[in-house]
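Hi,

Here is the structure I promised to pass on. Have a look at it first, then read my notes below.

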Amino acid sequence: MKKIVTPVLKIDGNFEIISWNTSAEEFLNNILNKSPKAQLNLEEVFPPGIWTKFHSDFKTNQGIFHNIYTFSETETIEVFSSPCLDDEGNIKNYSLCIKVVSPKYTNSCDNIIQLKNILENSSLAIFLSDPSGPIVEVNRAACKLFGYSIEELKQLSREDIIQMNSDLETAIAQRNKAGEIRTELVGIKKNGETFPCEVHSVIYTNYEGEKRTSTTIVDISDRKKQELIAENSKQAFQSLFDYNPDAVYSFDLKGNFVDLNQAALNLVEGPREKAREINFLPLIAPEDRDRVMMHSSKAVSGEVQRYQTNFISLKGTKKVLDVTNFPIYVNKKITGVYGIAKDISKQVEIEQKLREEHNMFRAIIDYIPDHIFVINEKHETILTNHSFYKNYYGVENEQESLGLTALDFFEKEEATRVLEDNTRGMNNGIPVINREDIVQDFNGKKNYTLLTKVPFRFGDNKKGLVGISRNITEIKEKEKALEELNEALKKHADELALSNKELEQFAYIASHDLQEPLRMVTSFLTQLKKKYNNKLDDRAQQYIYFAHDGATRMRQIILDLLEYSRVGRVAHKVTAVNLEHLVSEVLSLQKKSIEEKNAKIKIGVLPELEVEEPVLRQLFSNLIGNALKYSSKERQPVIKISSLKNKKHWEFKISDNGIGFEEEFKEQIFIIFQRLHQRDEYEGTGIGLAICKKIVDNFGGKIWVKSSLGKGSNFYFTIPKQF
Ligand code: ADP
């Protein structure tokens with residue numbers, strides 16, 4: 001190891017001495033009266049005046065500097081401080097070359113050698129030059145930095161190694177003015193490469209009284225890179241903070257907000273100044289506060305926390321947040337909590353809606369009596385409703401039915417048929433709609449079903465099939481029974497029609513044929529009365545009267561019966577009939593009776609209809625005739641005939657204020673031969689209303705009556721507009 005005579009001390013960043021050479025030991029002993037030892041702090045070595053200045057220079061120049069400190073009136077200490085690097089280029093410690101400069105040393109040859117040594121061995125690029133430019137001395141570190149040899153460097157001017165620009169000019173001007181400058185400039189290497197460097201240039205006067213400059217140059221590329229990286233990551237973090245769509249915030253250990261990004265301010269709904277004054281806890285919905293406090297305590301004890309909470313803004317807006325809180329470490333100590341809060345109100349609302357919809361869907365499909373199932377490509381059941389899993393699979397809940405296939409439940413033959421049918425549907429994509437099918441359930445019972453199978457694709461494009469089937473066994477059975485019933489009814493109706501026809505035929509023939517013998521009986525009874533009147537006693541006379549009366553009544557019955565049986569048998573021409581005229585004609589035929597009873601007749605507006613006139617005439621005639629016949633003796637009869645136009649039919653009304661009858665007989669009076677009054681009170685055969693009913697039935701209309709005993713009756717009938 002080369003022995004140098006310059007006192008050199010090695011110190012660490014805390015100014016504690018690590019090692020020293022023998023010159024340093026001598027220097028400390030002789031000049032400063034201190035014995036060097038490890039970990040001795042320089043503060044205790046240097047006199048206070050020098051220590052303060054040295055300490056300040058060291059800090060400002062980060063350990064790379066050269067300065068002269070006044071020691072006594074005649075002596076000064078010159079200190080060169082430069083860092084020592086480890087193998088990886090990091091600063092390990094610092095070496096201080098110390099020298100007492102006094103007239104005694106000024107011309108010392110040793111002194112110059114020592115200085116040269118320092119210059120040579122420094123890891124800093126050092127240039128000694130004339131203030132006007134020419135380089136007088138450079139060291140090896142300078143050669144290494146710029147890539148030139150010493151000789152080459154000495155030939156170069158300042159502008160060859162430092163980029164010429166306004167910064168350089170300003171720096172030179174400042175240095176010349178102040179005697180010293182420390183600035184960042186751009187160095188130029190021999191190969192043309194440029195690099196950022198820190199230049200420290202000092203003007204001093206050498207022992208010969210000449211002005212010189214000492215310039216140290218440090219490559220700060222790495223530092224710049226680090227600074228850039230640090231700046232970039234700071235910027236990136238800031239951008240992440242500022243532009244994060246989620247709320248990002250920090251709060252201290254007490255929960256008071258320290259910083260909030262815009263999204264957080266939007267959430268809080270307050271200005272930044274206000275938000276920074278508040279604690280986060282009142283923003284949490286009361287029901288969640290205890291839980292959130294627990295999470296926050298865990299976060300400040302170092303655990304990352306994620307939770308959901310209900311949040312209320314300063315303006316009262318309610319939100320649901322998904323929060324992640326994590327501790328902030330400063331110098332290994334937790335100083336607060338960083339948080340990211342995502343507004344998941346919409347998501348929660350959607351989830352809630354989905355849940356509700358799912359419940360609704362489940363309720364619908366479970367309460368529907370139809371069987372619903374969904375299968376996937378592998379024929380596995382992935383959804384069933386209550387009807388299906390209970391009736392087809394015979395299991396207690398949907399869960400037990402999931403994943404199963406038809407093979408698990410049906411007999412092999414039936415299952416194969418079902419699987420083939422489903423495969424066909426899924427492959428050709430054609431739905432089966434309401435197909436009647438016979439399907440066996442898990443008990444092997446065969447049911448008629450109405451089956452719909454709709455193929456579909458899942459989100460991942462896999463095939464699936466929705467099936468809806470309805471058990472129509474009962475309907476089928478009812479349908480069958482109904483068909484049988486219909487058949488029987490039809491048969492019965494045919495038989496009835498035949499017998500009715502026969503009956504009408506019989507009534508017609510009987511009434512027609514009976515007339516002749518009856519006329520004979522009446523005429524002979526009349527002859528008997530005429531010729532033997534004197535010879536017959538009163539009793540015989542009375543018998544003849546009864547026989548004649550009976551025959552007359554019988555004749556009337558036969559005539560009425562004939563009339564009844566003729567309704568619908570005889571076809572009449574359909575003509576336009578003015579009902580007002582028709583009613584007037586009917587009334588003129590009843591004129592005698594009207595006059596006798598002093599009846600008042602009111603005719604409303606009546607339409608003109610395309611009908612068989614004789615039939616309608618008979619209908620009105622019978623009803624008006626009854627109204628007159630069953631009038632009350634206690635008051636003047638008032639009979640009203642009116643009509644009402646409905647959407648599909650005409651409704652007619654014949655009302656009277658006659659004797660009326662009990663409500664219970666309103667159906668009975670339309671039956672043939674049914675009478676409510678004795679013949680000696682009111683003449684009649686009980687066929688009139690039966691004829692009316694038959695006529696109205698033939699029209700396709702209805703006839704009915706509303707009556708009140710002692711007050712009068714209202715007869716109604718309808719005639720469809722199209723019959
Ligand atoms: P008839 O008048 O020949 O007895 P109908 O068939 O015309 O036969 O009438 C049947 C019965 O209905 C009558 O006997 C009578 O008792 C009752 N009736 C019919 N029209 C009226 C009416 N306008 N007021 C009260 N009762 C009536």
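Let's start with one loop: Phe15 sits between strand 1 (8-11) and strand 2 (17-20). Helices and strands here are DSSP runs, numbered from the N terminus, with at least four residues (H or I) for a helix and at least two (E) for a strand. Phe15 is not a glycine, yet its phi is positive, about 70°. Most residues other than glycine have a negative phi. Is Phe15 buried or exposed? Phe15 is buried, because its relative accessible area is 5%. (Buried means under 20% relative accessible area, exposed over 50%, and partly exposed in between, with a 1.4 Å probe and protein chains only.)

A second residue of this kind is Asn598, which is not a glycine either and has a positive phi near 55°. You'll find Asn598 in the loop between helix 21 (591-597) and strand 22 (600-603).

Before you go further, some ground rules. This is a predicted model, where local features need pLDDT of at least 70 and side-chain atom pairs count only at pLDDT 80 or more, while totals for chains, interfaces and linings use all residues. Residues are numbered from 1 along each chain as its sequence is written, and side-chain values use heavy atoms, with hydrogens and water left out.

Now the whole chain. The secondary structure comes to 23 helices and 27 strands. The C-alpha trace spans about 210 × 70 × 50 Å along its principal axes. The radius of gyration of the protein chain is 64 Å, whereas a compact globule of 723 residues would have one near 27 Å. (That radius is taken over C-alpha atoms, and the globule rule is 2.2 Å times the number of residues to the power 0.38.) Of the 723 residues, 39% are buried. As for contacts (heavy atoms within 4.5 Å), take those between residues at least 6 apart in sequence: 48% of them join residues at least 24 apart.

The charges are quick to describe. There are 97 positive and 103 negative side chains, and the centres of the two sets lie 8 Å apart. Lys and Arg count as positive and Asp and Glu as negative, leaving out His and the chain ends; each charge is placed at NZ of Lys, CZ of Arg, CG of Asp or CD of Glu.

- Asn325 is in strand 14 (residues 318-330). Asn325 counts as buried because its relative accessibility is 0%. Which side chains does Asn325 join by a polar contact of 3.1 Å? One is Tyr249, and another is Tyr307. (A polar contact is a pair of N or O atoms within 3.5 Å; within protein, one must be able to donate a hydrogen and the other to accept it, and residues adjacent in sequence count only if both atoms are side-chain atoms.) Leaving out residues up to four places away in sequence, Asn325 also touches others, including Phe251, Glu303 and Tyr338.

- Ser713 belongs to strand 27 (residues 712-720). With a relative accessibility of 4%, Ser713 is buried. Its side chain makes a polar contact of 2.8 Å with that of Ser707. Among the residues that Ser713 touches, not counting those up to four places away in sequence, are Ile654, Asp656 and Phe661.

- Gly425 is part of helix 17 (residues 412-428) and is buried, at 9% relative accessibility. Beyond four places away in sequence, Gly425 touches Ile430, Pro455 and Leu465.

Enjoy exploring!
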